[in-house]
Amino acid sequence: MRIRANAAAVSGALARTAQLSLVLVLFVAASWTVTGCDAVAEARARQVADAWDGSEAARAWRKGYHPIGEAVELPEGAFRNMSDKQAYGAQNFALRGQLPAASGKNGRVKWESGDSLTLPLMEARQAYEAVARGSNNGPHLTVTGAKLGEMTLPTSRGPATVPAWLFTLDGYDTPLKLAAVRPSKPFTSPVKPVAEGPGGTLQLVRTTKDGRSVTVLSGHGACDDGPVVDVLETSESVVLSASVVGTKEGPCTADLLLEMVTVKLNRPLGDRVLLDAVTGRPVP
């Protein structure tokens with residue numbers, strides 16, 4: 001009996017040892033997979049940073065006018081009701097009156113550093129048509145006139161004061177402002193894009209006034225725990241790498257969900273190029 005008991009004990013111990021070994025193997029394999037993915041993402045971010053730092057594209061980015069925020073400023077307190085909000089979202093506008101021309105004129109983009117850039121002015125009609133693209137019969141905003149003025153918006157070289165068309169809206173005391181100059185010509189990225197990752201490409205939402213954090217829209221699926229955005233900082237660039245974490249059980253749809261993610265930086269963004277590791281281009 002004692003011999004059988006010892007044999008059973010040994011058999012149980014061997015089984016437990018085998019189970020423990022299997023758990024350890026799976027744990028090591030999972031850890032290696034995560035570490036391997038992290039290493040690939042970090043290597044890609046480094047590749048993008050190395051390609052951009054000191055490149056002709058980076059010099060063009062810093063010398064030109066490249067907005068990194070919306071070139072639209074809404075009236076103060078917009079919107080006064082849900083109908084107006086829906087009209088703006090649907091781009092439903094109605095024009096009542098004449099719009100001024102700016103044929104052959106130039107405008108100056110001015111930065112806080114004292115630098116400036118002279119660019120051709122966009123016609124008021126062109127600026128209006130850039131936002132008045134709706135065509136349904138729902139609520140609409142009525143534009144009664146426009147004049148040339150200025151607005152401030154974030155750019156690749158920091159905040160800039162730019163020429164803007166100030167459109168008067170029926171029922172509002174302050175105008176709807178639209179930048180009256182187009183961004184500088186696009187440039188060729190020094191690094192090719194890669195296949196889109198699980199987090200997709202990024203869209204810039206805002207940067208804080210002190211430049212110490214940026215908020216981006218990142219994509220994820222219905223069966224994960226959400227997006228994660230890692231950052232690699234150099235003296236000339238900030239590279240963001242999007243990914244997703246976790247998995248959820250149950251039925252999964254093919255919907256792409258967008259979620260805002262705020263990334264904190266070690267120092268202000270300044271004139272460093274904010275890059276997407278997937279596209280190898282500045283975050284739009």
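Reply:

**The largest cavity**

The largest cavity holds about 60 Å³ of space, a volume being the space filled by probe spheres set on grid points that are joined across faces, edges and corners. Before going on: this is a predicted model, where local features need pLDDT of at least 70, side-chain atom pairs count only at pLDDT 80 or more, and totals for chains, interfaces and linings use all residues. Residues are numbered from 1 along each chain as its sequence is written, and side-chain values use heavy atoms, with hydrogens and water left out.

What counts as a cavity? On a 1 Å grid over the protein atoms alone, it's a set of points where a 1.4 Å probe fits but cannot get out; a pocket is an open set with protein on both sides within 12 Å along at least five of seven lines, and lining residues have an atom within 4 Å of a point. Searching the whole structure turns up one cavity of 30 Å³ or more.

Around the largest cavity you'll find Trp61, Ile68, Thr155, Ser156, Leu204, Leu269, Gly270, Arg272, Val273, Leu274 and Val283. Sorted by class, that's seven nonpolar, three polar and one charged (Ala, Val, Leu, Ile, Met, Phe, Trp, Tyr, Cys and Pro are nonpolar, Asp, Glu, Lys and Arg charged, and the others, Gly among them, polar).

Pick out Val273 from that lining: Val273 in strand S13 is the bridge partner of Ser237. Strands (E, at least two residues) and helices (H or I, at least four) are DSSP runs numbered from the N terminus. S13 runs parallel to strand S11 (residues 237-244), joined by four bridges; two strands pair if DSSP finds at least two bridges between them. Together with S10 they make an open, mixed sheet in the order S10-S11-S13. Its edge strands, S10 (227-233) and S13 (273-276), each pair on one side only.

Ile68 is another one to follow, as it lines the largest cavity. Now for the largest pocket, with a volume of about 680 Å³. Of its 26 lining residues, His66, Pro67, Ile68, Gly69 and Pro183 are closest to the centre. Helix H4 (124-131) gives the most to this lining, three residues. The pocket's lining has 21 nonpolar, three polar and two charged residues.

How confident is the predictor? The chain averages a pLDDT of 81, pLDDT being its confidence in each residue, from 0 to 100. Confidence is lowest in helix H1 (residues 2-52), at a mean of 53, and highest in strand S7 (residues 176-179), at 96.

Key. pLDDT is the predictor's confidence in each residue, from 0 to 100.
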